[in-house]
Amino acid sequence: MAEVTVAPKLPAMHVLVLGAGVVGVTTAFVLAESGACVTVIDRRPGPGLETSFANGGHLSASEVRSWASPMVPGYLAKWIGRADAPFRMPLLRWDPMLWRWGLRYLANCTPARYRANNEALLRLAHYSRAAMQEIVAASGVAFDHRPAGLLAVCRTAESLRQAVDESDSLARADLVHDQVVSAAECVRIEPALADSRGRGQIAGGLFSRDGGTGNAAAFTTGLAAACVAGGVTFRYDTTIQAIEHSDGRVTGVQTSVGRIAGDAIVLALANESRAIAAPLGLALPLYPVKGYSITVPMSESESRLPHIGILDEDRKIVLARFGSAVRVAGTAEFAGFDQRLDLRRVRPILDAARDLFPGPLDGIRPEHANPWTGLRPMTPDGPPIVGPDPRAPKGLFFNTGHGSLGWTLAAATARMTADYIGGRAPAVDSTPYSLARFRAQ
Ligand SMILES: Cc1cc2nc3c(=O)[nH]c(=O)nc-3n(C[C@H](O)[C@H](O)[C@H](O)COP(=O)(O)OP(=O)(O)OC[C@H]3O[C@@H](n4cnc5c(N)ncnc54)[C@H](O)[C@@H]3O)c2cc1C
């Protein structure tokens with residue numbers, strides 16, 4: 001596992017971080033710690049108001065997986081056309097971007113590619129856990145952190161067998177450290193599962209002590225405040241229109257409020273990174289995969305809802321508890337940049353959560369559960385895009401495409417970005433995260 005080292009001191013330079021989501025803000029914090037002069041630019045009036053706002057809250061460890069898996073054809077056959085499906089793919093929609101992305105995605109669904117992509121993600125997640133601890137210690141940020149582990153619950157013997165087989169092969173490479181647990185042990189770890197077990201809903205699970213949960217929006221807001229205290233400038237309500245460059249080097253950005261000069265630029269605009277990189281001749285294979293979450297207020301003493309992070313392997317939802325609320329997230333909808341909230345898509349998430357944790361969620365209607373949608377910036381293979389590119393102007397660094405794992409991976413990719421800008425080799429082998437990898441796929 002890669003060790004986290006003290007942040008290198010950067011030469012005096014002005015770095016523009018484009019995007020104030022969890023990825024951009026974490027990068028700004030690490031850069032400022034390294035001595036850079038940092039300006040963060042975002043179109044919104046504050047930090048963390050887009051995809052980082054109400055995500056599932058899981059800081060995953062052993063559960064990290066690419067969505068491009070050999071199981072995809074089976075999922076498609078089982079779920080396509082069903083109203084309660086964990087994904088929705090409008091096949092008749094004219095969406096060349098989806099088709100191009102989809103072909104690359106399917107090419108990554110072979111056993112060999114799945115394994116390689118999982119290894120790349122797991123290495124980054126391990127590194128991120130250590131980097132996150134340092135960032136939390138240095139900033140003192142509070143975010144309802146519960147580092148008590150994550151439990152992946154399997155509802156059927158078949159899904160348990162699949163999960164265990166996969167985990168065993170990754171454990172042999174020392175990449176996952178989870179524990180196979182029986183249905184009874186699931187209840188010992190999370191007593192709120194007792195009712196479900198009694199109804200025969202649980203076949204067993206995988207417990208990872210290294211995982212945890214936390215509120216990504218609270219983290220992003222708190223870390224942005226720590227950034228300001230550390231001298232970082234935030235320019236909100238400012239839309240980035242283009243990256244400027246001259247003689248092969250970046251010089252700044254054009255924005256809705258004029259030009260902002262900089263010596264280095266970090267592109268952390270999630271899905272919008274694609275449009276901003278395109279005029280530079282750089283094709284970022286990102287697709288916005290819509291997800292939903294609900295956040296249900298509850299009493300802090302409510303014992304029928306989980307205390308640790310739960311992943312439902314069969315219904316593809318995650319649950320996390322933040323103080324006096326429970327968050328449930330899931331669904332993958334391939335609808336381009338359409339961020340409309342369809343309450344019919346919220347119901348399967350609520351139903352799946354009720355099924356595991358009956359009682360407190362009964363009678364709650366989707367519209368009263370603080371429904372939210374966000375667009376995951378997904379690469380077709382899974383790992384994000386981090387670092388410079390030989391075809392990009394010098395001084396441009398990508399930190400984007402974190403898909404369903406941006407909260408988990410933000411600390412790692414922030415460190416890698418600071419290493420690149422400081423001219424140091426990142427602590428993890430950077431090849432699987434380069435933009436160039438897509439030229440070979
Ligand atoms: C339903 C759901 C559940 C999820 N659950 C988890 C989870 O449990 N664990 C996990 O690790 N991850 C999870 N994720 C993924 C995670 O939320 C994302 O990967 C992460 O938030 C991406 O962060 P970001 O900073 O790249 O993007 P964002 O938070 O979207 O930030 C990008 C920023 O760029 C700004 N921007 C964009 N274009 C422009 C422009 N032209 N000019 C100026 N500003 C611009 C936006 O305003 C925004 O603030 C989930 C995602 C969803 C949707």
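User: How do the axes of helix 4 and helix 11 cross, and what distance do they come within?
Analyst: In this predicted model, the axes of helix 4 (residues 111-139) and helix 11 come within 7 Å and cross at roughly 85°. Axes here are lines fitted to C-alpha atoms, for helices over the stretch in contact, with angles running from 0 to 180 degrees between N-to-C directions. Helices (H or I, at least four residues) and strands (E, at least two) are DSSP runs, numbered from the N terminus.

User: Parallel or perpendicular, then?
Analyst: Helix 4 and helix 11 are therefore roughly perpendicular to each other. That label covers 65 to 115 degrees; under 35 is roughly parallel, over 145 roughly antiparallel, and the rest oblique.

User: Which residues make the contact?
Analyst: Helix 4 brings Leu-124, Ala-125, Tyr-127, Ser-128, Ala-131, Met-132 and Ile-135, and helix 11 brings Thr-408, Leu-409, Ala-411, Ala-412 and Arg-415. Residues are in contact if their C-beta atoms, placed from the backbone, lie within 7 Å. The contact divides into 9 nonpolar, 2 polar and 1 charged. Ala, Val, Leu, Ile, Met, Phe, Trp, Tyr, Cys and Pro count as nonpolar, Asp, Glu, Lys and Arg as charged, and the others, Gly among them, as polar.

User: On to the ligand. Which residues come nearest?
Analyst: Gly-21, Gly-56, Glu-272, Gly-291 and Gly-406 do, out of 40 residues around the ligand. A residue is near a molecule or strand if its C-beta atom, placed from the backbone, lies within 6 Å of it. Elements giving two or more residues to the shell are helix 1 (22-33), strand 14 (287-297), strand 18 (372-378) and helix 11 (406-421).

User: Which domains does the shell draw on?
Analyst: At least three residues come from each of domain 1 (14-51 + 218-284 + 381-439) and domain 2 (62-110 + 144-210 + 287-378). Those bounds come from an automatic or database domain assignment.

User: And how many residues touch between the domains?
Analyst: 14 residues of domain 1 are in contact with 12 residues of domain 2. The domain 1 side divides into 3 nonpolar, 9 polar and 2 charged. Taken over C-alpha atoms, 29 Å separate the domain centres.

Key:
Residues are numbered from 1 along each chain as its sequence is written. This is a predicted model: local features need pLDDT of at least 70, side-chain atom pairs count only at pLDDT 80 or more; totals for chains, interfaces and linings use all residues. Two residues are in contact if their C-beta atoms, placed from the backbone, lie within 7 Å.
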